[in-house]
Each structure stands twice: as C-alpha cells, then as structure tokens.
Amino acid sequence: MAEFLLSPPLLLMLGSVVLAAAPRNVLPRTVLRALLLALPVYSLWRFWGLDFGDYAQFKLFGQTLTLVRIDPLSRIFVVIFHLAALIGSIYSFYVKDNFQPLVGVFYAGSALGVVLAGDLWSLFLFWEVAAVSSALLVWVRRSGRAAGAGLRYLGMQMVSGVLLLAGIVLLRHEVGAAPGWAEFRNLTGFLEDGGLGFTNLAATLIFLAFGLKAAFPLLHSWLIDAYPESTPAGAVFLSAFTTKFAIYALARAFPGQSELIWIGGLMTAFPIFFAVIENDLRRVLAYSMTNQLGFMVVGIGIGTELAINGAVAHAFADILFKGLLFMAMGAVLYRVGHVNGSDLGGLYKSMPITTGLCIIGAASISAFPLFSAFATKSLIMSAAVYKEYFWLWLVLLFASAGVFHHAGIKIPFFAFFHHDSGIRCKEAPRSMIVAMVLAAAASMAIGLFPLAEMWFGTANPFYELLPYPVHYEVYTTTHVITQSQLLFFSALAFATLMRTGLYPPELRSVNLDADWLYRRVGLRIWDGVAAAFTATHRTGYAVAGRLAAAALETAQRHLGPQGFLGRSWLTASMALWVAVLLAAYLVVFYWRLG
Amino acid sequence: MAHEDHGKQGGKTYWLDRKGNVAKVFYALILIDVLWLAADFLYKKKAEFDAWGGWADGGFGFYPVYGFVGAFLLVLAAKQMRRVLMRSEDYYERRRGGGSST
C-alpha cells in the first residue's frame, strides 16, 4: 500500500488534496506552505532511492497495470518535474491564496504519472487528469478571456484524450489480448512485430494524441491561446508539464519516426515569424515554446542516441529557462497589470533584479556559450549534421538565430529597456525572486557543467541523467565561435532594424493563427448551420401547420354537424343503397363465375 | 517621448537615458561583431557538408552572414505578415462582428 501512496504521482496528488482539505485553523498558511514544498522534496528523495524497474503494480479486469516504471528515459523527466513543482510553488507564494500552488502540485503529480506509466491505460488515466487539473490553472485568472481560453484549452486536451483512448482500444482490438499488449513502449516496433506498419490507424491516433499536446503545427494554437491568459504562477506551472510529457511520450513511443523530423523542423521555424509581430510578451513566450518543442521533436525524429539525448536534455533545460522567462514576465504582469510590448519599457529602473534574471533566461534560451541551451540544443544540431540533413540543419540554424531575436532580445528589450514608458513600480515580490534565482542558477549550471568537466575533470551530473551515455564535447573552439557569430550578428540585425526604423512597432493587436479556424471560421459555420436549422425548422413548422389546418377544415366540412358524412340520413335511403350494393355484388359474382 | 523626461520622473537619470549612450552601445556591438568575424582567421573549420562547396559550415563568414541576413529577412517577412494576419485587440470578443476589421 505504501508503495502506491508514496509513489511520486500519488504522493503529490493525494498530498495536495489532503493539504487543500485541511481546515485553516488546524493548518496555518505558513505550515501548509512548508508541507507543500516538502511534498516534491520528499517525493524526489524517495524516488532517488529506487532502482530501475516496475513498482506499484496491480491487476484490474485481468490487466496488470504499472503505475511506476523507472528507466533512464523516465528518470530524467521525474527529476525535472519535481524541480518544476518546487520552483513553481515557491513562485506562487506571492498571493495569499494557496489554490494555485495546490493545483500546481496536483498537476505536477499527474504529469509524473504520465512519465512513470508502465502501460497505456495508466498513461491514459494520468493524461486526462493532467488535462483537467491544468485547465483549472487557466481559469484561476477569473477573467472572461481566461474563461473562454480555458474552455477551448480543455476542449483540445479532451480531443487528445479521445484520440489516445481510441488508439488504445483499437490497439487492443488489433493486437488481441496478447500478454504485454498494453505496455507503453516503442509503438512503431510493437506494431511491426504484429505485422502492422505505421499506417496502422491505432498508432496514427496515438501519434496525433501525443502530437496535439506537443503542439504540432496546426494543432498548436491551444498553447498560444491559453497559456498567456493564465495568472503569473499558472503560466509557470503550465509551461512546465503538458508539452514536456508529450515530448517524453513521443520519445518513448516513436523514436526515429522520420515524419517527426519535418514536423519538428516546421515547428522551429514558423512560430518565430508570429513571435516577431506579437505584442503580448507572454504570448511571444508561448510561440517561443512551440519553437523550442520543434527542436525536441526533430531530435526524436532523428532518433540516434545523441539526438534523443539532445531532445530530452533540451526538454529539461527548457522547463527551467522558459519557466524563468514566464516568471519574469509574470512579475511584470503582477506589478504593472499587463505585458504588452507596446506599453512597456524602461522597467529596468524599477525592477533591476527581475531584469538581470530575465537576461539570464534570455541568454539560456538563445544558447549563448556558458548557458543551458548551448549544452543541450547543440546535441540535436550535431545529430542533424552527423546524419547529413543539410536543409534541416539550415532551418534549425535559422530558427536558432530567430529564437535569439524574439526571445533573447525582444522579451527583455521591450519589457525592460526600449523607450521609458514612465511606469514606476516595485521590484518583484521576494517569493518570485527566490524562484527565479533557483531557475537561473540551474540554467547556468547546465551550461557550466561541461566546461567544468573539460577544465577540471569534474563529473557532469546533468549529462549523467540523460538516457544514453554522452560522448560529446560541447565547448570546442568551432562551436563557441560559430554560435557566438550567429547570435551576435543576429543581434546586429536587430539593432540595425531598430536604428533605421525598419523594425515593426509593437502594436495593440491580435494576429490570426490556426485557432482562427475554430474561433472564427468554425464559429461562422456553426452559426450558419444553426441559422439553416432554425430556418428549416420554422418553414417546416409553418408548412405542417398549414397542412394540419387544411386537413382540419376538410374534416370539419365533411364530418361536422352540417357535413355530408356527419348529418342524419333517412332509413329509406339507407335501405335503397343497401339494395344497390347487393345488386352490384350479384352482378360481379356472376360475371366472375361466368 | 523624450527619454530624458522619463529618466527624471524616477528622480534619477540613468546612463541609458542619454541618447548618445544608446549609440555607444550600438557601436560597441559593431566592434564585437567585427572581432567575432575576425575570429574566423584564428582557427580552421572542418566542413561536414559538401553543399555550397563546403562554405556552409566550413567557409569564412558563413555564420555571421547567415545570422544577420536570416534575422533581417525574418523581421521584414513578419512585418508583411501583419497585412494579412493583424486584427484589432477585441477581434475574437466581437463574436457576431465584422470579420474584416483591422
């Protein structure tokens, strides 16, 4: 029993529920917060003591379900999800209400459930719990826009869940009740074992279910739509889990699936165009997240050990630096009330610490030497080079210059520098700063470990966490110089565009994206269908009414008191008609007989 | 808006509030870029790709040119996208409103 209750997913989920249910007079706020922080810490400490293998198994309807399967791929995600839960909780202590950290930790527990699931049923269960609990983090903003965005978000998450369930059921149907059919592992290989290729519908449905949460092109707009509508803390939790466990699921089930290379390549490139013209700086970060997920998807598609290591390492680093950037923009949102690039500027004067930490996040996402993405994204880039994907490499290089442009420069520049907006506010609250410092320190540590390894021969604990052994040198002369050239010349392009006035000004606006298809076109079609239905209904009702009235009138005319059939007849005329009928009958009878 | 005015609002004029200093930052960036470009003379790169005569990842100045041109064109292309994609802030709130507002 303890194995179940103390498994990372259930410990965090049940723990947060118990803390939420505890009466305030029994559990003062500070004690509750201390216990809430102790949850991920204790859970990670317990997890660290476990070896690779299966835990918390039970039988249900003849199926063996495995809630906890620890292997090198799931381990690294378990570690970062605990860290994200801890950092997110600390960050969210800026509000007195503990609802956000409680839901955040519960959501983290469900995400842990996804990455630890040893079978498809357990995966599906936590997949859905994560969908619902994360929607609460959108709604917690309690604005009209958040209500709508949260509903659309939940709708898309449910579509993913339905696709996954349909895929699992079909898989069960096609593969039969062979032992281990429900094991969550390489589906491509598993299906091929059964004589079924990737065109197999079950695998395609599961692939799309994962792809929707990993923000594949055209399936991505729920992320852009919902995350920026959440609260400062809500967005930090949201940015950490759903998309990353989708990356884990793809890495688990579809490594080396070549379609992922071009899907990922597209994901790295198209969002950066949107990010350049987007005004809401947290929405810029959402586009930037799609772009970073693209790098991970490419890595999974390439599928070599180096590439998978790169994808997983980049997911780890992204949770930290994207969380840091969301935290910095959340601090601005909290202090200023909005994060519109058009109306911000000069905040470095009021929020110098947040500015500095945001710049660390910006340098990390841009893959500057010494910062985290330099030690993670380069694994994916090198994997593309080794497999000689020339055009893909050019796209990734362009996306790398682009990410520096919109996330590395645009975010800090328009929020904290640019023209002085005249806004004077307080520095971010202490809890926010502590959380940002933790994320910044971790981002820098990831970037510095390989350097320490090279110079001092110290171990690289981050690379040791990766699923495959790492034989890769990050800090080569070529890599440091070429990456710096790419980034500094990208910065020069930005500065030139700003000074020549060619850079498009930040404008209060909305840019159409794929969600336009259901928020506008879909709505119009729905309105059209509804109008057509109403018109048909009205016409049908009118025609039926008229026909009924006519029938009633005819019946009344013939059957009413004055009607031909309704009035009293003479007995003599009736006898006459009976005689006529009898005669007619006799004629017919003899005619037929003859 | 004049930078100086706002600097004084906070009771203090910051270094970056002076326009001349912003220009200094720009020139410093140009200098840094020239130095990074010059760094290509200091070592020998090994080309992994045969495409473009090995210039792509082995030749002089590829990364600077690609970074500058790529970022420059990215912004200009994105700017043109606004013509098609940009709508007013409350576009989606006006459910039955006109669809072609800007």
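What does the secondary structure of chain B come to? Four helices and one strand. Read along the sequence, the pattern is α-α-α-α-β. Keep in mind that this is a predicted model.

Let me stay with chain B for a moment. Chain B has 102 residues, and buried residues make up 21% of them. Now take the contacts in chain B between residues at least 6 apart in sequence. Of these, 10% join residues at least 24 apart.

B:Trp52 and B:Lys12 are 40 residues apart along the chain. Their C-alpha atoms are separated by 54 Å.

Now the interface. On chain B, 46 residues are in contact with 47 residues of chain A. Which elements of chain B supply at least two residues each to the side that touches chain A? They are α1 (3–9), α2 (19–38), α4 (62–85) and β1 (86–87). The largest share comes from α4(B), with 16 residues. By class, that side of chain B has 28 nonpolar residues, plus nine polar and nine charged.

There is strand pairing across the two chains as well. Strand β3 of chain A, residues 510–511, is joined to β1(B) by two bridges. The two strands run antiparallel. To find the spot, look for A:Asn511, which stands opposite B:Met86 in β1(B).

On to chain A. Chain A is divided into domain 1 (256–509) and domain 2 (514–540). How many Å separate their centres? The answer is 42 Å, taken over C-alpha atoms.

Next, the core. The largest nonpolar core has 207 residues. Five of its members touch the most other members: A:Phe81, A:Leu250, A:Leu324, A:Leu325 and A:Met327. Helix α15 of chain A, residues 305–336, gives the most to this core, with 21 residues. As background, nonpolar side chains tend to be buried together in soluble globular proteins.

Zoom in on A:Leu324. Leave aside the neighbours within four places in sequence. What is A:Leu324 in contact with then? The partners are A:Leu357, A:Ile360, A:Gly361, A:Met436, A:Ala439, A:Ala440 and A:Ser443.

First, α7, residues 144–175. This helix has 32 residues, so at 1.5 Å a residue it should span 46 Å. The end C-alpha atoms are 46 Å apart, which agrees. Then α21, residues 477–499. With 23 residues, this helix should span 33 Å. Its end C-alpha atoms are 32 Å apart, and that agrees too. Just after α21(A), A:Gly501 takes a positive phi of about 75 degrees.

Back to α7(A). Its buried residues include A:Ala146, A:Ala149, A:Gly150, A:Tyr153, A:Met156 and A:Leu164. A:Arg152 and A:Gln157 are also among them. What covers these buried residues? The cover includes α6 (120–139), α9 (201–213) and α10 (221–226) of chain A.

Now a hairpin in chain A. Strand β1, residues 53–60, and strand β2, residues 63–70, are joined by seven bridges and run antiparallel. A:Asp54 stands opposite A:Arg69 in β2(A). Two residues lie between the strands. In that turn, A:Phe61 has a positive phi of about 50 degrees.

Last, two alanines to check by eye. A:Ala215 has a positive phi of about 60 degrees, although it is not a glycine. A:Ala215 lies in the loop between α9 and α10 of chain A. Why does A:Ala215 count as buried? Because 26 C-beta neighbours lie inside 10 Å.

The other alanine is A:Ala367. Here phi is positive at about 65 degrees, again not a glycine. A:Ala367 lies in the loop between α16 (352–365) and α17 (372–386) of chain A. A:Ala367 has 27 C-beta neighbours inside 10 Å, so it counts as buried.

Key:
Residues are numbered from 1 along each chain as its sequence is written. Chains are lettered from A and ligands numbered from 1 in the order in which they are written. This is a predicted model: local features need pLDDT of at least 70, side-chain atom pairs count only at pLDDT 80 or more; totals for chains, interfaces and linings use all residues. Two residues are in contact if their C-beta atoms, placed from the backbone, lie within 7 Å. Ala, Val, Leu, Ile, Met, Phe, Trp, Tyr, Cys and Pro count as nonpolar, Asp, Glu, Lys and Arg as charged, and the others, Gly among them, as polar. Two strands pair if DSSP finds at least two bridges between them. Domain bounds come from an automatic or database domain assignment. A nonpolar core is a set of buried Ala, Val, Leu, Ile, Met, Phe, Trp, Tyr and Cys residues joined through C-beta atoms within 7 Å. A residue is buried if 20 or more other C-beta atoms lie within 10 Å of its own, exposed if 12 or fewer, and partly exposed in between; C-beta atoms are placed from the backbone. The expected span of a helix is 1.5 Å times one less than its number of residues.
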